[in-house]
Each structure stands twice: as structure tokens, then as C-alpha cells.
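Please take a moment with the sequence and the structure shown here before reading on.

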Amino acid sequence: MQRALIAGLAIGVIAPSIGMFLVVRRYSLMSDTLAHVSLTGVAIAALVGWNPILVAVITTLVAAFGIERLRFSRNVFGESVLAIFLSGSLALSSVIFSAARGLNAGLTSVLFGSITTVTRFDVELIVALAIVVIVAVVLLYPKLFSVAFDEEVAEVSGIRVRFYNTLIVMLAAVTVALAIRVVGALLIGALMVIPVVAALQWRLKFSHSIFLAIIFSLVSIVSGLFLSYYLDLATGGTIVLLAIVIFTVSLMLNRR
Amino acid sequence: MSSANNITPVIAFENVSVTYTVEPVIDHISFTLERGDYVGILGPNGSGKTTLLKTMLGLIIPTSGVVRMFGKPITELDAHERSKIGFVPQRISEGRIEFPATVEEIVLSGRAALLGWTGAYSKGDRIQAEEAMTVADVLPLRDRLITTLSGGQIQRVLIARSLVSNPEVLILDEPTVGVDVGSQEGFYGFIKQLNNERNLTIVFVSHDIDVIAHEAKTILCLNRTLVCHGPSREVLTGDVLERVYGKKLRSIVHGH
């Protein structure tokens, strides 16, 4: 339980931090796309017998890089790049899973999370990479903000917009791959987006919205963990449902 | 530093052409602008105004020819040199008005490119931001979300952002589209002040002949090629306007 808590806290901090930059740029679909890709990573890990989180992180990073290159090259039309990766990776992972050891209950834990079975190595990996993500966001915050708000002005001022766009997607990739354990591949998108949208209802300044989103996310995760543990419910689903409750309350309290 | 040199033109286009597919969008454009110029770029839709502006800003690399800022090819400028260029894009740009940030956060972001790796704005940065907000008369709005501001107010915020890096050149793209006439007058009065008091070189693009005739000291007429370049009083003849707009237009120069 203690390991689950630490892993949950780490994810709880980075998911909305990256999620904020995806939401304001309208890339919310990106998190789901990366989630499907990370599924493929887990499938590959099952095939070769390596640590699923590690392989998921690598696979998703590679895919993130590929997605940004394709989007930038303009050969493929806009959002369809995401559609290709989304369905393509799902198809690939179903094939690999069936080749590995047949579609079995192991799939449920990947789709919906299995934070209670997280190993010590898993936790260390998650915390280490989460620290990398946090440090990156903190150090690069002004430039990430500038690019998110206005790419052209950022470019004119000398900020390499393409680099920072790719960086955000890659940080999202890492976050998604790490979060499979906590809420599963199907619900990662929710964890990155819902606390952010809830925080935005309070109409605070941008940096404070990120802090509030982190608070909402941590509350959802911690209470979701305890609730699902004692009531024997699916952890991932419980966490996301609590996040939705927080969102609904935020929405109602801030009605204009 | 070449910016201290009074002889070097601030902006120089040397035989610049930009071609996307077959025909050049702008064709063998050459001109120089001096420190303290107040230039209006005039031309109908499709004349290449936007392309010219983006090439001037270094957002587009010319197919042939060289663009120089402060004597150096624009591609060779570093972030510190680029801070001397202020850019105010067209207000109507997707997503900008819906971005959940305060005026102060947005104005501060004008200094993001100048930060080192520490990733934090310094006290000096914040003082610059305060000064810029004061000059642009948006200081009382500093804690307001930009989503709650009027078109004219947003325009002033974007100007404040462009002023925060102490530019020597201010480039504006269609600055008063969608702004009512009353606010327009105040706006151009403000720009004239910047031009007079700080010797700020001003370049703005407009499709509005009235405004350009009234406000700009110098005019560049564009219709794929440079049709005119000179003091607005001399340049706006029926002849020139016909070449720019392709039909007989009475000269509408108001008294200066």
C-alpha cells in the first residue's frame, strides 16, 4: 500500500502539470493516443519478458517523437496522425498480446491499472522519471508558457518552438507510460485532463491553476486508493470517478 | 553592437523573393528602413503583406535574397539580439482569447526567451513587466484573465508584451482590425508617442488605406512587388493606388 501511495503521488503531480499544457493547446486527444501506444509497449514487454513500465516508456517516447515529426511534416493531415497511432497501436498490441500468451486477465490490469501490485523497482523508476518531468517543467516553464500562448511571437523572440512542442509531447509520453500502473491505459487521459479542467473552472491565473489541478489530482488519487482498497473496487476507475466529482463540484460552484 | 550604429539600417530587404509553389508571393523586394521610421505597409489581400511581414520577422526564410536586422542576416540573430524586435500579431488568432492566463503572466512571457536555464523570472523582469504595463495603460488590469478583456484592451496587453524586452523595432500586423474607431485613435496616438519619445521604429501592416494615409510617415506599397516606398504625402497618388489596387482610386490623403 505504501508503494502504491508513493507511485500515486508521483503520478498525481506530473499528470496535471503536463496535462495543463495539452489542454490549453487542445491536444487532449494526445494523451489518449499516447496511452494506446504505451499499451503496445506493455505488450512488447510481455513478449520479451522485460519490465513493462520501462518498455512502455521507451515505446511511447519513440512514438511521441514520430508523431511530432509526422505532424510537422504536413504530409499527413492534422489530427489524422493521432488517429493512425491510436488505432494502429491498439491493433498491434492486441496481436502481440495474443502471440505472447493469449488475451488473459493480465490485460485488465494494463487497461485499468494495478497499482497495488507495483514492485519496488517500479516505484523507484516512477519516482525517478517523475522527478525528471517535474524538473523539466519547472526549469522550462516560462518558455513552455510562451510557446503555449503564442507560437509565432515565441519563435520571433528566439525560442525554438519546434523543440518545445516535441518536448511537451515526450514529457507527456513519459507521464502516460508511468501512469499505466496507477489508472491503466484506458484512463490515463482522464487523469491528465479532468483535474486540469476542474481547476480551470476556478478562473485563477495560469500557474495557480496548475497548482490547483495538482491538488485535485492528488486528492483523487489518495482518496481513490484508500476507498478502492477498503471497498475492494477497481482502483483506476475509483480515482477517475472522484476526479469527476471534483470537476462537477468545481463547475457548480463557479457557475456564471 | 550594431544597434548603436546610426548608419546601419534597422531593417534591410535585399532582393528578397518568397515562392511557395510556382509564382513568387513576393518578388525581388528591396528596401531599407532607418531608425525612427514609422512605416505603413499597404496592399490588398493576396498582395503578399503577410508573407512580407513573416519574412521580416524571420518566420519565413526567403527563397532568394537576404533580410537583415540591425545589419545582420536575421537567421544569425541570437535571443538577445532578437529581443530588440517587438512583434504584435493580429489580435484575432485562434485560441488566444481563450487562454486562461492573467495580463501580468502574458506580459512577463515577453521576457521568456531571455531567461537562462534557471527558468525563473527575476525581480528585474517583473519590474520591466510593470513598466510595460504602465506604458500601455493596462496596469490596472494586471490580475485580470485575458479572457475577460475587450478587443482594445487585449491589443494593449499584446503591445505591453512586445515592449517588455525593450525593443528598438515594433512590428504590428493589422493592429486595429475589429477595433472601434474611437479606440483606434487612442491606439495610434499611443504608437505615435512610442515613435516620437523612444525613437522606436514602427512597421505596421494594414489593408486600411485611410489609417495608413493618416498615421504612417512613410509608406511601402505592396502588390507582389514593391510598388512604392516614400513619404505618405508624396506616395499616395491615384497612379500608385491604381497599381496597388488595380482600379482607379481617388487619392484620399488627409492633411498631415
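What radius of gyration does chain A have, and which value would a compact globule with 256 residues be near? In this predicted model, chain A has a radius of gyration of 18 Å, which agrees with the value near 18 Å for a compact globule, because that is what the rule gives for 256 residues.

**Chain A: make-up and dimensions**

- Chain A is built with eleven helices and zero strands, so that reading along its sequence gives the pattern α-α-α-α-α-α-α-α-α-α-α.

**Chain A: burial and contacts**

- Of the 256 residues in chain A, 54% are buried.
- When contacts in chain A with a separation of 6 or more are considered, 75% of them are accounted for by residues 24 or more positions apart.

**Chain B: the sheet**

- Chain B contains an open sheet of four strands, which are arranged in the order 2-1-4-5 and pair in an antiparallel manner.
- The edges of this sheet are formed by strand 2 (24-33) and strand 5 (72-73) of chain B, each of which pairs on one side only.
- Strand 1 (residues 11-19) of chain B runs antiparallel to strand 4 (residues 64-69) of chain B, and five bridges join the two.
- Within this part of the sheet, Ser17(B) stands opposite Ser64(B), a residue in strand 4 of chain B.

Technical notes
Residues numbered from 1 in each chain as written. Chains lettered and ligands numbered in written order. Predicted model: local features only at pLDDT ≥ 70, side-chain atom pairs only at ≥ 80, totals over all residues. Pairing = 2+ DSSP bridges. Rg over C-alpha atoms; globule rule 2.2 N^0.38 Å. Buried ≥ 20, exposed ≤ 12 C-beta atoms within 10 Å, placed from the backbone. Contact = placed C-beta atoms within 7 Å.
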